[in-house]
There are 2 protein chains.
Amino acid sequence: MNPQITYETWGTLNRAGDNGVLIFTGLSPSAHAASSPGDSSTGWWEQMVGPAKPIDTSKYFVVCVNSLGSCFGSTGPASVNPVTSDLYRLDFPVLTVEDIARAGQEVVHSLGIRQLYSVVGASMGGMTALAHNVLFPQASRALVCISSASRALPFSIALRSLQREMIRTDPAWKDGHYDGHGPVQGMRLARKLGMLTYRSAAEFETRFGRERIAEQRQSGDAFGIDFEVESYLEAHASKFIGTFDANCYLYLSRAMDLFDVADHGGSLEKGLGRVGAERALIIGVETDFLFPVKQQQELADGLAVTGCDVTFETLASPMGHDSFLVDMDRFRPVICDFFECPMNQPGRLRRVAT
Amino acid sequence: MNPQITYETWGTLNRAGDNGVLIFTGLSPSAHAASSPGDSSTGWWEQMVGPAKPIDTSKYFVVCVNSLGSCFGSTGPASVNPVTSDLYRLDFPVLTVEDIARAGQEVVHSLGIRQLYSVVGASMGGMTALAHNVLFPQASRALVCISSASRALPFSIALRSLQREMIRTDPAWKDGHYDGHGPVQGMRLARKLGMLTYRSAAEFETRFGRERIAEQRQSGDAFGIDFEVESYLEAHASKFIGTFDANCYLYLSRAMDLFDVADHGGSLEKGLGRVGAERALIIGVETDFLFPVKQQQELADGLAVTGCDVTFETLASPMGHDSFLVDMDRFRPVICDFFECPMNQPGRLRRVAT
């Protein structure tokens, strides 16, 4: 296989080749992190990446890659296998977070970046950023891991396994050999469960309470949508369906389960000992139950003992795992600090004691 | 409709007719809470109900009802509609927790119980026990609500709504007109999600970690069972399938979403103001995220202001919502105290200040 990786860039690489920032994404986003002259549509991290934004593209050369195995331009199960001229589908080899990291490094290399200022990722992207630093310890001077972990916990594995089973048991999946949108209902269920794990009970209570939808919107079906919270999940799932390939979803979801930094050297300590970054920013969110904050604490503590200059921030965002996408008021100053924005307030950072 | 309610009893009603204890169940159990001379099989609350057990059947006349709408002898969607001679299926009327409570009170009445010593329930059974006390304030002198709530939260509603959607979108459901086991795959998914909401991430981490199943047990399927936690869920779901009717599951699940004690009088305060019990025991578990402990706190506080003598216990069980079924070491002494077991250690109870 000779995979293709799609990426987008913002800003300009400096002469020294050391102002690059590489962003790895979570499971579902494309490489379009922010709008640009070439594509003015809003990116998935629009408020974080751009001129005079926390990751300031007037200062840094920012690169975001579409993950290997995804379906937004990079090679994955939904790509054509040149050997068979059919899609790869389940003939795509087992995908690991490390594979995604290696593919990202190929992009870095091809762009002439000598050493990255930082690699950045949230959720699966945080795992990938960590893997990148373990595999290429000299490639980046800093590491930013948001709402992520050094390995998947069994509860999170079980939740993702169940999402995959929803897709695989939809008759329209056809063992991966679907045409068109494929297992729409399985994807709908998986996305709804995803949304439940990405947000928090506290946020749902504040937003929806026990509100019912208006009578004219009700279907009359005894088990149809009645509460506002059900309507919210339906709307989000409907937006997702048709935009993401089901087989790609299976591969990327599984890659997260398989990730364990202890596979590098035999233990968590040895794996983290391979990280080459001089500085690290580890952020967790109190209401995240998919990647609970103790996992970020473990990662921060593990990195600190290797001599890395670690900043660990726990944010009180009520929006759960997805907070990095929606709670800019809490995330902006922390990211700003680390990337030394002009609006940086010195002395804000809390460092982990070694 | 002239519904039939199946129940089991243990012990003997005293002459005064005031030593009865009525147990309402969670969504899935039958009336068989404990073994008896008539049925020696282990009951679902075997360690809690029996001679010299916390709910001591040598002292109390214990009654457990199979919920109206369930499928273990009581009338529900899987029962024959005498008008059509077909099963009720979705012609069964909308079921509420209050309906289940009223059906339980019919049993109490028919058994000649003058006044109950206590009504007891956990999870959905706790909602039903509360509804029973609101509807029949003179029927019981005490109320025990375990891992329950005065109303369903939107996060819990969303989780149950998703379980129902898994069942309804299984083509084998056939809009409720299935034969035989019906939507086996939908029920499998729903039960797995149920198990995830009934236990806790902490317990899973201790029990399973990242252990893989033995190679000879692996299917070879790229997305098949690999981790022990996946195998555990599969085993539990397989046990459930074929034992519980899918339409009954839909009705009972929905009844929990619909329950809101505020429907009785217009507010939580007014609803709880109707409770007639002199004493109440409210138990919550720290790791329960389906019925989080703040809901039991709200219930305990709300009852205390009505003048009810409330005991509120928060237990540190790691097993989540299901702790009342499995963590006997923590539950036994609390239940014992309230039911004045011989092994009672006086002074243990903590009462809520009014």
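Predicted model: local features only at pLDDT ≥ 70, side-chain atom pairs only at ≥ 80, totals over all residues.
**Entry 1**

Then I looked up how the copies sit relative to each other. Chain A can be laid on chain B by a turn of 180° with a shift of 0.0 Å along the axis, and the RMSD is 0.0 Å. So the pair is related as by a two-fold rotation axis. Both copies use the same surface: 100% of the contact residues of chain A recur in chain B.

**Entry 1: where chain A touches chain B**

Next I asked how many residues of chain A are in contact with chain B. I found 39 residues of chain A in contact with 39 residues of chain B. Which helices of chain A each supply at least two residues to that side? My list reads helix 3 (154-168), helix 4 (184-198), helix 5 (201-208), helix 6 (228-240) and helix 7 (246-258). Helix 3 of chain A gives the most, with 11 residues. I also sorted the side of chain A that touches chain B by class, and got 25 nonpolar, 10 charged and 4 polar residues.

**Entry 2: two helices inside chain B**

I moved over to chain B and picked helix 3 (residues 154-168) and helix 7 (residues 246-258). Their axes come within 10 Å and cross at roughly 160°. Angles over 145 degrees count as roughly antiparallel, and therefore helix 3 of chain B and helix 7 of chain B are roughly antiparallel to each other. I noted the crossing of these two helices of chain B as left-handed.

Who makes the contact? From helix 3 of chain B I wrote down I157(B), R160(B), Q163(B), R164(B) and I167(B). Helix 7 of chain B brings A246(B), Y249(B), L250(B), S253(B), R254(B), M256(B) and D257(B). Sorted by class, this helix contact in chain B has 6 nonpolar, 4 charged and 2 polar residues.

**Entry 3: the domains of chain A**

Last, I looked up how chain A is divided. Domain 1 covers 7-152 + 260-338, and domain 2 covers 157-252. I had the C-alpha centres of the two domains of chain A down as 26 Å apart. Where they meet, 22 residues of domain 1 of chain A are in contact with 16 residues of domain 2 of chain A.

Notes. Residues numbered from 1 in each chain as written. Chains lettered and ligands numbered in written order. Least-squares fit on C-alpha atoms with pLDDT ≥ 70 in both. Contact = placed C-beta atoms within 7 Å. Helix = DSSP H or I, 4+ residues; strand = E, 2+ residues; numbered from the N terminus. Nonpolar A, V, L, I, M, F, W, Y, C, P; charged D, E, K, R; others polar. Axes fitted to C-alpha atoms, helices over the stretch in contact; angles between N-to-C directions. Parallel < 35°, antiparallel > 145°, perpendicular 65-115°, else oblique. Left-handed = near helix turned anticlockwise from the far one by under 90°. Domains from an automatic or database assignment.
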